[in-house]
Amino acid sequence: MNKKKLLIIGIVIIAIILIATISYFIYKNFNNKNNKESETNNSTGSIEQNENVEYSNSKDLFNFETKTVKLNSGYDMPLNGIGTYSQTGDECYNSITSALNSGVRLIDTAYMYHNEEEIGRAIRDSGVPREEIFVITKIYPTQFDDPEGAIEMALEKLNIGYIDMMLLHHPGDGDVEAYKAMEKYVEEGKIRSIGLSNWYIEELEEFLPQVDTVPALVQNEIHPYYQELDVVPYIQSKGIVVQGWYPFGGRGHTSELLNDETIVEIANAHNVTAAQVILRWNLQRGVVVIPGSSNPEHIKENTEIYHFELTDEEMQKMESLNRDEKHDWY
Ligand SMILES: NC(=O)c1ccc[n+]([C@@H]2O[C@H](COP(=O)([O-])OP(=O)(O)OC[C@H]3O[C@@H](n4cnc5c(N)ncnc54)[C@H](OP(=O)(O)O)[C@@H]3O)[C@@H](O)[C@H]2O)c1
C-alpha cells in the first residue's frame, strides 16, 4: 500500500470518529430536552407538583436538623406532633396549649374526635403564628356522600383560615369522589395537602390510579408490636410520607409496650424513657409520630427525641419485637 492510500484511509477513520462523536452529543442533548419536557407535561404546573417528580423515597426527605419532612405537595411538615383522639373540651384545649408551649407544631385531629373547635381555639389563643403550626384533620366515611359539606364544616370548626392536611379517615363507599373534592379545595387554597388514613398496599394499588394527586401522607397504625414491615417501605417508595397512629400501642396497651424489656434496656443505654425510644425508632424508620397525651410532662418528654440515636443493632432489636399484632380494627 502506498503512502497516498494510507493517508486517505487515515482521514476516513478520523472523519468517522468525528461524525460518531458529534452524533452522540446531538442525540444525548435531544433526549435530555425531551425528558425535561415530559416531566413538565406530567406535572400540574405548580411548583409543588414539579418537586414531586424528583422524589424517590420519602424516608430520605426527613431532616433531623429542621425536624421536618418535605411533603410531595411542597410543604414542610414537623416530624413529631400530638394526637388528640379521645380528648375533648378543656382537656383537649389544655393539651394543645401545653403542646404549643413545649414547641410542638403538628396537631392531629379528625371530625370523629369531636374536638376541632377546641383545637382551633387553642391555636388562636396561643399567639404562635398560624404558619408555624401544621394541622391535620380527617373526614369520615359517613361524610363521603357530601364531602364539600364535610370540608366546609371542618374549616368552620377549626376556624384557622386553612387546613394544612386533610385525610380520608378510612376507605369506604364514595372515597374517590371525596378525595376529588379535597383536590378541588387544594386548588382553591383552603386545604394545602391531602392524604389517606388506614390504606394498605391493596387499597392503595386500587385507589391511586383513580386520582390525580399522589397523597402527601398515609397515616396507619404503627407501633413496635405492629410494624407494617412491608407496607411502610411500599408507601415510602412512592414518595408518600408515612405517619403512625398508636405509637405506644393505644390505650390499654401502653403499659405493656412501655415496660417491654427490650425497649427499657435500650432506653437505659441512652438515659431516656421507653416512650422516647419508641418515638425515635419511628423517626429512624422514616415514620412521623403523633403520640396522644394530655399530661404536660409526657407532652414535653415526647418532643425530646433528637439528642440521641439508636444504633443499627438497636434498630434490629426493635424490629424483632414485631408480632403483626393489630390493636384496632382498621
Ligand atoms: N387515623 C386513625 O384511624 C387513628 C386511629 C387512632 C389514633 N389516631 C391518632 O393517633 C394518635 C395517637 O394515638 P393514641 O393517642 O390513641 O394512642 P398512643 O399515642 O399510642 O397512646 C396514648 C397513651 O399513651 C400515654 N402516653 C403518652 N405519652 C406518654 C409518655 N411519654 N409516657 C407514658 N405514657 C405516655 C397517654 O397517657 P397520658 O395522657 O397520661 O400522657 C395515653 O394514655 C391519636 O391521638 C390520634 O390523633 C389515628
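In these legends, two strands are said to pair if DSSP finds at least two bridges between them, and helices (H or I, at least four residues) and strands (E, at least two) are DSSP runs, numbered from the N terminus. Residues are numbered from 1 along each chain as its sequence is written. The model is predicted, and for that reason local features need a pLDDT of at least 70 and side-chain atom pairs count only at pLDDT 80 or more, whereas totals for chains, interfaces and linings use all residues.

**View 1**
Where pLDDT is low, the predicted coordinates should not be read in detail. Among contacts between residues at least 6 apart in sequence, 73% join residues at least 24 apart. Of the 330 residues, 40% are buried, that is, 20 or more other C-beta atoms lie within 10 Å of their own, while 12 or fewer make a residue exposed, counts in between make it partly exposed, and C-beta atoms are again placed from the backbone.

**View 1. The sheet of three strands and the loop at Lys 67.**
This open sheet has the order E1-E2-E3, with antiparallel pairing. Strand E1 (62-63) and strand E3 (76-78) stand at the edges with a single partner strand each, so one side of each has no neighbour in the sheet. Strand E2 (residues 68-70) pairs with E3 in the antiparallel sense over three bridges, and the bridge partner of Thr 68 in E3 is Pro 78. Lys 67, which lies in the loop between E1 and E2, has a positive phi of about 60° although it is not a glycine. This residue counts as partly exposed, with 18 C-beta neighbours inside 10 Å.

**View 2. The sheet of eight strands, with helix H6 lying across part of it.**
The strands of this open sheet follow the order E4-E5-E6-E7-E8-E9-E10-E11 and pair in parallel. Strand E4 (82-83) and strand E11 (287-289) are the edge strands, and each pairs on one side only. E7 and strand E8 (residues 191-197) run parallel and are joined by five bridges, and Leu 168 stands opposite Leu 196 in E8. Helix H6 lies across strand E6 (134-139), E7 and E8, and runs at about 160° to E8, where axes are lines fitted to C-alpha atoms, for helices over the stretch in contact, and angles run from 0 to 180 degrees between N-to-C directions. Asp 173, in the loop between strand E7 (163-168) and helix H6 (175-187), is exposed, with 10 other C-beta atoms within 10 Å.

**View 3. Strand E10 and its partner E9.**
Because five of the five residues of strand E10 (residues 241-245) are buried, the strand is largely enclosed by the rest of the structure. Val 241, Gln 243 and Trp 245 are buried on one side, and Val 242 and Gly 244 on the other, so that both faces are covered. Strand E9 (residues 217-221) and E10 pair in the parallel sense over five bridges, with Val 242 in E10 as the bridge partner of Val 218.

In helix H4 (residues 116-126), the buried residues include Glu 116, Ile 119 and Ile 123. What covers the buried residues of H4 includes helix H3 (89-101), strand E5 (106-108), E6 and helix H5 (147-158). Helix H11 (residues 274-284) is mostly covered, with ten of its eleven residues buried, among them Arg 280 and Trp 281.

**View 4. The shell of residues around the ligand.**
The ligand is surrounded by 28 residues, of which the closest are Gly 83, Tyr 85, Trp 245, Gly 292 and Ser 293; a residue is near a molecule or strand if its C-beta atom, placed from the backbone, lies within 6 Å of it. Helix H9 (254-258) and helix H12 (296-301) are the elements that give two or more residues to this shell.

Definitions and conventions. Contact = placed C-beta atoms within 7 Å.
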